[in-house]
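This report describes selected features of one protein model, moving from its strands to its charged pairs and its surface. Please keep the sequence and the structure in view while reading.

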Amino acid sequence: MNPIKSICCIGAGYVGGPTMAVIAQKNPQIKVTVVDINEQRIEAWNDEDLDKLPVYEPGLSEVIAEARGRNLFFSTEVNKAIEEAEMIFISVNTPTKTYGIGKGQAADLKFVELCARQIADVAKSDKIVVEKSTLPVRTAESIKRIFDATNGDVKFQILSNPEFLAEGTAIDDLHHADRILIGGDIETAEGNAAIEALVSVYESWIPRERIITTRVWSSELSKLTANAFLAQRISSINAVSALCEKTGADVDEVAHAIGKDSRIGSKFLKSSVGFGGSCFQKDILNLVYLCNHFGLPEVADYWEQVIILNDYQKHRFAKNIIDALFNTVSGKKISFLGWAFKKDTNDTRESAAIYVADELIQDKAQIHVYDPKVSAGQIKSDLLYLWTQRGLSPAEAEDLIDRSVTISSKPEEALSQSHAVAILTEWDEFKDYDWQGIYNNMLKPAFLFDGRNIINKEQLETIGFKVQSIGKG
Ligand code: UDX
Ligand code: ADP
């Protein structure tokens, strides 16, 4: 097969945008067009001002500056890009279903299906279609059925190429990937040729020995399994954090001690207020759904416990705040430092902050939020979504937001005259704040709840703060 000259990616989100930017950067000979139906998003990707890119990722603007307009293009002309491309990545969102069969667990594949139908309708020449979105096992089979039923003249090869980048470190993860996984039809010559075509795209910067090729199903399942294992580690250390708080042990010391065992390893053992992000919960729920579907309820229950523990951790954090503040936060100002689901990203999907805020607001707290990268509009829409899903009317939800949430663009504003500070995201800047000044400006006793264990507890206690960290008795 001739080397690929033209790539299209459907979906210009957190995954599609950065991934295609790096593919274009490292393959100047390939024309890469990223398309999306969201005009605003495409406009933002095309903005002269690189601070306005729709996704915040360290290092991303440099990559965009290098490749955009040379061989990287962002467009809303989906059909044209599909027609032109030899290889099409599907990188659209696959949220958890909120209706019907599988509600609350199964992945909603309507966006993927729409893409597949559009590709089938528009394609006039043979295409390699690459699943980039995380999908349930055997989705490739369904996509193939759509292609075969709609467009008999054109040959389609379907590959699975899951993305393992983490937000906040996406560019580094893409530049120095631990591995690239490509699943395809390894039984046939055409399947192998398609796999090799994609291998050669990555080989521009990733050593061949780090590119793994497998059957499609193994590739699809590996992505779900990798995320389930990662999330499980966090839930495991968070489970231990609860025990640490009861026994006087220190969870960071325990994590350090066990992480020295090379079989366990030290990464992903940071106890926290709970994991968030668009992947972990969604992928585990999806795995749980699949296990139940295939008649494996014990396996489903095993994985579901990872989510149950994560919900417990968020709830425990909110409850600790209420308990410490004399059993009520009604009318009290609680300052939130951070809203993003982790540092170095403006993404808030499934962020623990949303759920902690919700519990405190149910207890009538006044929440004042500061996050260096998340917009006020995003914070409001997160709460609006949660409360309307739960049955409030949009007007009721907006009214509750107006009454209970204040968003500040300056940390001093959010912190002044506050009853308690809660750290929800581990932004580096929080460590260097003038904590003495903050203390002086707070109501006493001044409480601090560190949901990320980033501040020096002893130092802040010396200032006079009543500090509660995760997993420190
Ligand atoms: C994750 C996977 O890491 C990535 O490989 C996959 O492609 C997508 O899902 P992401 O969700 O972007 O990436 O971020 P990640 O760094 O994994 O963090 C997820 C959540 O876990 C965050 O809320 C983070 O704060 C939390 N976390 C992570 C912990 O609480 N403790 C840890 O030790 C690590
Ligand atoms: P992810 O984190 O997986 O990248 P995002 O929600 O950030 O998810 O991005 C997915 C993008 O896919 C969104 O910008 C959405 O508008 C786009 N999208 C969804 N369906 C289609 C479609 N049929 N055609 C083009 N773009 C689509």
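## Strand 1 and its neighbours

In this predicted model, strand 1 runs parallel to strand 4 (residues 87-90), and four bridges join the two. Within this pairing, Ile7 has Met87 of strand 4 as its bridge partner. Strand 1 is also joined to strand 2 (residues 31-35), again in parallel, by five bridges. Here Cys9 stands opposite Val34 of strand 2.

How many residues of strand 1 (residues 6-10) are buried? Five of its five residues are buried, and the strand is mostly covered. In a regular strand, side chains alternate between the two faces of the sheet. In strand 1, one side carries Ser6, Cys8 and Ile10, the other carries Ile7 and Cys9, and all of these residues are buried. Both faces of strand 1 are therefore covered, since buried means under 20% relative accessible area.

## The covering of helix 1

The buried residues begin with Gly16, Gly17, Pro18, Thr19 and Met20, and continue with Ala21, Val22, Ile23, Ala24 and Gln25.

## Salt bridges

The structure holds 26 salt bridges. One of them joins Arg263 and Asp261, with the closest N and O atoms 2.9 Å apart. Are these two partners buried, partly exposed or exposed? Arg263 counts as exposed because its relative accessibility is 75%, a value over the 50% cut-off. Asp261 has a relative accessibility of 24% and therefore counts as partly exposed.

A salt bridge also links Asp347 with Arg349, where the closest N and O atoms are 3.0 Å apart. Asp347 counts as buried because its relative accessibility is 2%. Arg349 counts as partly exposed, with a relative accessibility of 35%.

## A buried pair and a network

The side chains of Arg452 and Glu426 meet in a salt bridge of 3.6 Å, N to O. This pair links distant parts of the chain, 26 residues apart. Arg452 lies in the loop between strand 13 (447-450) and helix 18 (457-463), while Glu426 lies in the loop between strand 12 (420-423) and helix 17 (435-440). Both Arg452 and Glu426 are buried. Elsewhere among the charged residues, Asp250, Asp252, Lys270 and Lys472 are joined into one network by salt bridges that share partners.

Where is Glu163 placed? Glu163 is in the loop between strand 6 (156-160) and helix 7 (170-175). Glu163 counts as buried because its relative accessibility is 9%, which falls under the 20% cut-off.

The side chain of Glu163 takes part in two contacts described here. With the side chain of Lys132 it makes a polar contact at 2.9 Å. The side chain of Glu163 also reaches the backbone nitrogen of Leu165, at 3.3 Å.

## Sequence distance and distance in space

Val273 is found in the loop between helix 10 (251-259) and helix 11. With a relative accessibility of 0%, Val273 counts as buried. Val273 and Lys314 are 41 residues apart in sequence, and their C-alpha atoms are 5.4 Å apart in space.

Val306 lies in helix 12 and is buried, with a relative accessible area of 6%. Val306 and Lys132 are 174 residues apart in sequence and 25 Å apart in space, C-alpha to C-alpha.

Which residues make the nonpolar surface patch of about 270 Å²? The patch is made by Phe294, Leu296 and Val299. Leu296 has its place in the loop between helix 11 (280-293) and helix 12 (297-324). Leu296 is partly exposed because its relative accessible area is 40%, a value between the cut-offs of 20% and 50%.

Definitions and conventions:
Residues numbered from 1 in each chain as written. Chains lettered and ligands numbered in written order. Predicted model: local features only at pLDDT ≥ 70, side-chain atom pairs only at ≥ 80, totals over all residues. Heavy atoms only, no water. Patch = residues over 30% accessible without salt bridge, like charges linked within 9 Å, V, L, I, M, F, W, Y side chains within 5 Å. Areas by Shrake-Rupley, 256 points an atom, 1.4 Å probe, with all protein chains shown as cover. Salt bridge = Lys/Arg side-chain N within 4 Å of Asp/Glu carboxyl O. Buried < 20%, exposed > 50% of the residue type's maximum accessible area, 1.4 Å probe, protein only. Pairing = 2+ DSSP bridges. Polar contact = N/O pair within 3.5 Å; in protein donor to acceptor, adjacent residues only side chain to side chain.
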